[in-house]
Amino acid sequence: MIWKLACQNHDKAREIADKLNVSALTGQILLNRGITDVNSAYDFLNFDQNKANDPFLFTNMHPVTDKIIDIIKKGKKILIYGDYDVDGSASCAILGRFFNSIDYNNFIFFQPNRLKDGYGFHGWITEYAKKKSVDLIITVDCGVTDRKAVEKANNEGMEVIVTDHHQIVNELPSNDLILLPSLKNDKGDCYPNQHIAGVGVAFQLARALARKMNKKIDWLPLMELLALGTVVDVAPLMGENRLFVYHGLKAIANTKILGLDSLIRISRLDKKNINTMHLGFYLGPRLNAAGRMGEPSLATELLLTDNPARAEKLAIELNKINSQRQDEQEKILKKMEMQLSEEASEDAYINFAVGKDLHAGIIGLVASKLQDNLYKPTIVISLSKNIGVGSCRSIPEFNIIDALRKFQGYFLRLGGHPQAAGFTIDEKNINKLKSELNTYSKEILKKEDLIPKLEIDAVIPIESLSLDLINEIGMLAPFGNSNNYPILASYDLQVIDKRKLSEGKHIKIYVKSKTQGHLETIGWNMGYLFDKLTSPKINMVYEPETNYFNGITKIQLKIRDIQFS
């Protein structure tokens, strides 16, 4: 692993620190996050709700809200069509809860089955909507790439409003009922927050409707959903998104969403202390499991229900489905690891694994795990009836969607982002793709690009750590994409004791410097280091944390990596 220290600007860090009455370390961390002036730093540390963007900065917000209000006034029926992930389910629930709060109940929601239907807005939904006497479809977290399906619906007399946040791939649907952050108005302006999640677009639509209709509602449940969708969709936690998540987490501490309360209990969490890590790694996977295993409506119903018994039952069911997902994921992972091990070659710059009838809802997670473990761009393909469904995850050094577009002719369908993509492909083209993609990757990547990097915020003497400093670092929360928990390094630490935990799976190391008494450090899943710790001194990269036990709060360092002196 390569350690990379962020550019250090001590004078600028001190200037920001002095003006905000914080440490120079916190000033440097702010600089590392792109916060380069005092006013921006003040806004970063203070969560003024008035700093949220005006929803009418979205191009087309006026015609979109006018259309919905007209439908509501006439008592007509709306279908909310959402993606099958957490962002989609939370978006459905935001609009559903908003409509309920203004006493409009003539709506239904629909989410496609990931395994049978695939991603996106589908043309056949028009027939379904007509059978349900629907007059207007509102998509959430999808639709921008589905021009043909939207125009088919329009041609068959079904009006469609598209709300989405994804990149424009080809041409947009040809109407003015589209809410998309990147969509420009006549003056060439677009929504200021280009990284808003689908749930954020739905939230801003609700705000705009409430303002136009002069409705006062309880926004706290919607803010809970806003935080949930934003974090689980891994949107950057800067600017407006950071504001959304901060206030949403505060609302979750006293959640009014029965299903979320039940899921928190099932996950054995304390709702008073929920943070972004709990949303991303505990609640998110349980909700996402529904869509991955083909039952996305369960997650949406959980977030909408006001029936305590139903909320509890759904939470238990989602927990069970997530356990099934974990078991299936582990089976596929082991199979793909074995295949890659048997085909291992220093000449291969890409992990390329193919299996028959793999679970299509899980191969993305497997690709992600393989990419993390092996630090190479990774493609996992599930082959069934001569058609391959591929899921890709990449490293920052390799734009996977640009790479795949070089071979566009091989694919039946292709879409994605720089770090994640998906496709369908005819079996006869799989080996050609593998060969040509590996050749192309060698033109783009160098060997050193395939070594993982660890970004370090600052190098400090370990004796400068204190509970007050760690609490101050906590002011930079909520942490997540683009605002990672600060990572520090300290050098020439003396190892004074080491212990194995959980039968050798984890390790605890006690260290000290020349002037500091011993500190406890812990390495999760780092038990393999125990026998290597023979050197009297080490350099360590870590996350500074606190540990509360038996009524005492102590400093504890979470180890990220170790170098032996």
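Contact is taken here to mean heavy atoms within 4.5 Å. Helices (H or I, at least four residues) and strands (E, at least two) are DSSP runs, numbered from the N terminus. The structure is a predicted model, in which local features need pLDDT of at least 70 and side-chain atom pairs count only at pLDDT 80 or more, whereas totals for chains, interfaces and linings use all residues. Residues are numbered from 1 along each chain as its sequence is written, and side-chain values use heavy atoms, with hydrogens and water left out.

Helix 15, formed by residues 363-374, packs through its buried residues against helix 14 (308-342), strand 7 (351-356), strand 8 (378-384) and strand 9 (387-393). A residue is called buried under 20% relative accessible area, exposed over 50%, and partly exposed in between (1.4 Å probe, protein chains only). In helix 15 the buried residues are Ile363, Gly364, Val366, Ala367, Leu370 and Gln371. These residues lie on the same side of helix 15, because they cover an arc of only 160° around the axis; the arc is that of the directions from the helix axis to the C-beta atoms. The twelve residues of helix 15 reach 16 Å from the first C-alpha to the last, close to the 16 Å expected at 1.5 Å a residue. The expected span of a helix is 1.5 Å times one less than its number of residues. Tyr375, which follows helix 15, has a positive phi near 50°.

Helix 9 was examined next. Twelve of its 13 residues are buried, so helix 9 is largely enclosed by the rest of the structure. The buried residues run from Pro221, Leu222, Met223, Glu224, Leu225 and Leu226 to Ala227, Leu228, Gly229, Thr230, Val231 and Val232. Their cover includes helix 5, helix 8 (198-213), helix 10 (239-252), helix 11 (258-266), helix 12 (276-292) and helix 13 (297-304). The end C-alpha atoms of helix 9 are 19 Å apart, which agrees with the 18 Å that 13 residues should span at 1.5 Å a residue. Just after helix 9, Val234 has a positive phi of about 60°.

The axes of helix 5 (residues 86-101) and helix 9 (residues 220-232) come within 8 Å and cross at roughly 165°. Helix 5 is therefore roughly antiparallel to helix 9, a term applied to angles over 145 degrees, with those under 35 counted as roughly parallel, 65 to 115 as roughly perpendicular and the rest as oblique. Axes are lines fitted to C-alpha atoms, for helices over the stretch in contact, and angles run from 0 to 180 degrees between N-to-C directions.

Leu298, Ala299, Glu301 and Leu302 of helix 13 make the contact with Arg310, Ala311, Leu314, Ala315, Glu317, Leu318 and Ile321 of helix 14.

His247 is located in helix 10. This residue is buried, with a relative accessible area of 12%. Beyond its neighbours within four places in sequence, His247 is in contact with Phe47, Gln49 and Met223.

Most residues other than glycine have a negative phi, and most peptide bonds are trans. Asp103, in the loop between helix 5 and strand 3 (107-110), has a positive phi of about 60°. Asp103 is exposed, with a relative accessible area of 68%. Asp141, in the loop between strand 4 (136-140) and helix 7 (147-155), also has a positive phi, near 65°. Asp141 counts as buried, at 1% relative accessibility. The peptide bond from Ala477 to Pro478 is cis, with omega near 5°, and Pro478 belongs to the loop between helix 18 (467-473) and strand 14 (488-501).
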